[in-house]
Structures are given as C-alpha cells and as structure tokens.
Amino acid sequence: MLIRSTHARNLLRDVLLAELLPRQPLLAFINVVTAVLFALGFSDAAPTPVLAAWLGYMVLSQAIRLLCWRRYAMGKPSGDAAACLIAISGAAGIGWGVIGPLFDSIGSPAQRMLVPFFLAGMVAGAVANLAGDLPVLYAFLVPALLPYAVHLAVTGEPVAHTMALTILAYAVGLSAVAYQVHRSLRRSAQLHLENAVLVSDLQRARARLEQLVERRGAELDAVMETVPVAVWLAHDPEAQRITSSRQAAEMMRLEPRTAEAFTAPQGEWPGHIRVFREDQEVLAKDMPLRRAARGETVQGEELRVVFENGAFFDML
C-alpha cells in the first residue's frame, strides 16, 4: 500500500510533526545552555553589549519555541505547527549563524576555534532532531552555516577560502544524510499509518461479523421457538452441547429451550426417561446425533422414548 494522495501526504507529515513537536522543550534547553557556554568562552574578549545582545536574542528565540510547543501541548489547533516550527528553527539558525561574522575575529586563536566547533555541533544535532521535517531542518541549517562560509570567503586568506568551501561541503553532506534519515522516518511513519488503517478495517470487520452473528442467532432462536417439529442442534463436533426446539423440549417433557436430555453427565438420560432401540436400552452417549457427530453414518433409526409413568412415543 502506497500513500500518494494529497490528504495522505499531509497526514503523513502531521505524524512526523507530532513526533517533532514534543522535543521542543529539550531543544530549547540545549540551545540556551549551549549559547551560555559559548558566551562564557568569549566573555573576556567580546564586547559586553554585543555578547549580551546575542545571548538575549538566543534566549528570546527559545522562549518563542516554548510558546509554540505549549500551544501544541494544550491541544490548540496545530494546523500552523509546521510554519511555527520553521520560524523558530530559522530564528535559532540565524542566531547561531551570526557568531561567525561577530566573533571570528575576536580573541585568541583558541577562542576563534570555538566558532566552527559550536556551529558543527549544533548543525549535526539539528540533523539528528529535525530530519523528520526537511523544511524545518533547512530553516536552521542554511542560516547557521551560510553566513560563516560567506564571511570566510570574503577574507583575503587562502586558508579561509578553503574553510569556506569545507563548510559548504559539510552542509551538502549533512543535507544528504538528513535526506536519508528523513526517508527512513517517513517510511516508518507510513507503515504506522498503514497498520493503523489495517487495524481499523479489522475492527470494523469484526464489529460487522459480531452484528451478523447476533442477528443470525436471534433468527435461529426465533425458528427454534416457533418451528412445529422437534429439532436438535449440535454445537460442537463431539455433540457435547446440544440445544432443542420448543417442540422437542415439550416432547421430552423438559423445560422449553433446554437440552438436558442430551447433555446429561456420564452419558446417562435424565431420570424421567429411558430410550430403547429394538428393545435394547440406548445410553445418551450413543444417541444417533452424537454418533453422527463422531463420523458414523446413521440412517432410518427408530427409537422409543419411555417416561417413568409408562407413557412413551416413537421417533425416527
């Protein structure tokens, strides 16, 4: 089964978004903690207003991420969930993307190495967490890496040009990995939806079958109650459970709709009747219905049912 219709594709994306949205508090925590660590690394080198403004922007963007998650968690309509995630992902990507132009030329060589180190880690983490929806992922990846690559490309140093090309190659490689991860997640979600549809179909089929059995059972009860002849029905191959029509129960002088005469324990008849075949008494276990249920061919057999008061009747 392939999911190809527009409605089905939208449903598939909703499933992937439903997996992505609950992660937003954790992603907000990771972004804020990582931003604080980065700011600490440049606290003695970067201008305090610039560093404070950047850190404030990162905290604000993650607060908006939490608001988006809270809207979803409270059961509000999530039709705009994808747009919300793209926006907050892009905002976070811009925040990380500006650290290259802002801080690459500040501080010691060890401090400047923090820029590619943090960018590589954040983008790799985004692939692991956002690959369920590629627009959300690219909204983070592109603004996070492209400004740093452009910043390096416009400098005059050949090594910086090489680093810019390396960043672009890294972005292309991560995009390819993200696409493969997305395909795997999409296939898993598609199988989940198909299994849900199959389970739903089976449940509906079971409900229809139960209704049919109930209706047929009611019809059989009506027939057994009104049919003007003696009828016995075996409910299992060993004829351990047998029910009778009202007419049959009255013939055996039993309560209506009981099968006592044919389910007596130890293969015996109830005390008020005895059954004979050609002057030979027949045990309940040897009645024709039970013998037929065991596979024996029974035809034209005449039995005499004798009651305790001496009355009797013959049946064929």
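**Strands and helices of a predicted model**

Strand 3 and strand 4 (residues 280-281) are joined by 2 bridges and run antiparallel. The structure is a predicted model, in which local features need pLDDT of at least 70 and side-chain atom pairs count only at pLDDT 80 or more, while totals for chains, interfaces and linings use all residues. Residues are numbered from 1 along each chain as its sequence is written, and side-chain values use heavy atoms, with hydrogens and water left out. Helices (H or I, at least four residues) and strands (E, at least two) are DSSP runs, numbered from the N terminus. Two strands pair if DSSP finds at least two bridges between them.

Within this pair, F276 has E281 of strand 4 as its bridge partner. The two strands form a hairpin with 2 residues between them, and E278 in the turn has a positive phi of about 50 degrees. Strand 3 (residues 273-277) is also joined to strand 5 (residues 303-307), antiparallel to it, by 4 bridges; here V275 stands opposite V305. Strand 5 in turn pairs with strand 6 over 4 bridges, again in the antiparallel sense, and V306 has F312 of strand 6 as its bridge partner.

Attention now turns to the helices. Helix 2 (residues 24-41) packs with helix 4 (residues 81-97) at an angle of about 10 degrees, their axes 12 Å apart. Axes are lines fitted to C-alpha atoms, for helices over the stretch in contact, and angles run from 0 to 180 degrees between N-to-C directions. Helix 2 is therefore roughly parallel to helix 4, a term for angles under 35 degrees. The contact (heavy atoms within 4.5 Å) involves Q24, N31, T34, A35 and F38 of helix 2, and L85, I88, A92 and W96 of helix 4.

A nonpolar core is a set of buried Ala, Val, Leu, Ile, Met, Phe, Trp, Tyr and Cys residues joined through side-chain atoms within 4.5 Å; buried means under 20% relative accessible area (1.4 Å probe, protein chains only). The largest core has 46 residues, of which F38, W54, W96, F103 and F140 touch the most other members. Helix 8 (134-153) is among the elements that give two or more residues to this core, and helix 8 gives the most, with 10 residues. A second, separate core of 11 residues includes M252, V282, V305 and F307.

Key: Angles under 35 degrees count as roughly parallel, over 145 as roughly antiparallel, 65 to 115 as roughly perpendicular and the rest as oblique. Buried means under 20% relative accessible area, exposed over 50%, partly exposed in between (1.4 Å probe, protein chains only).
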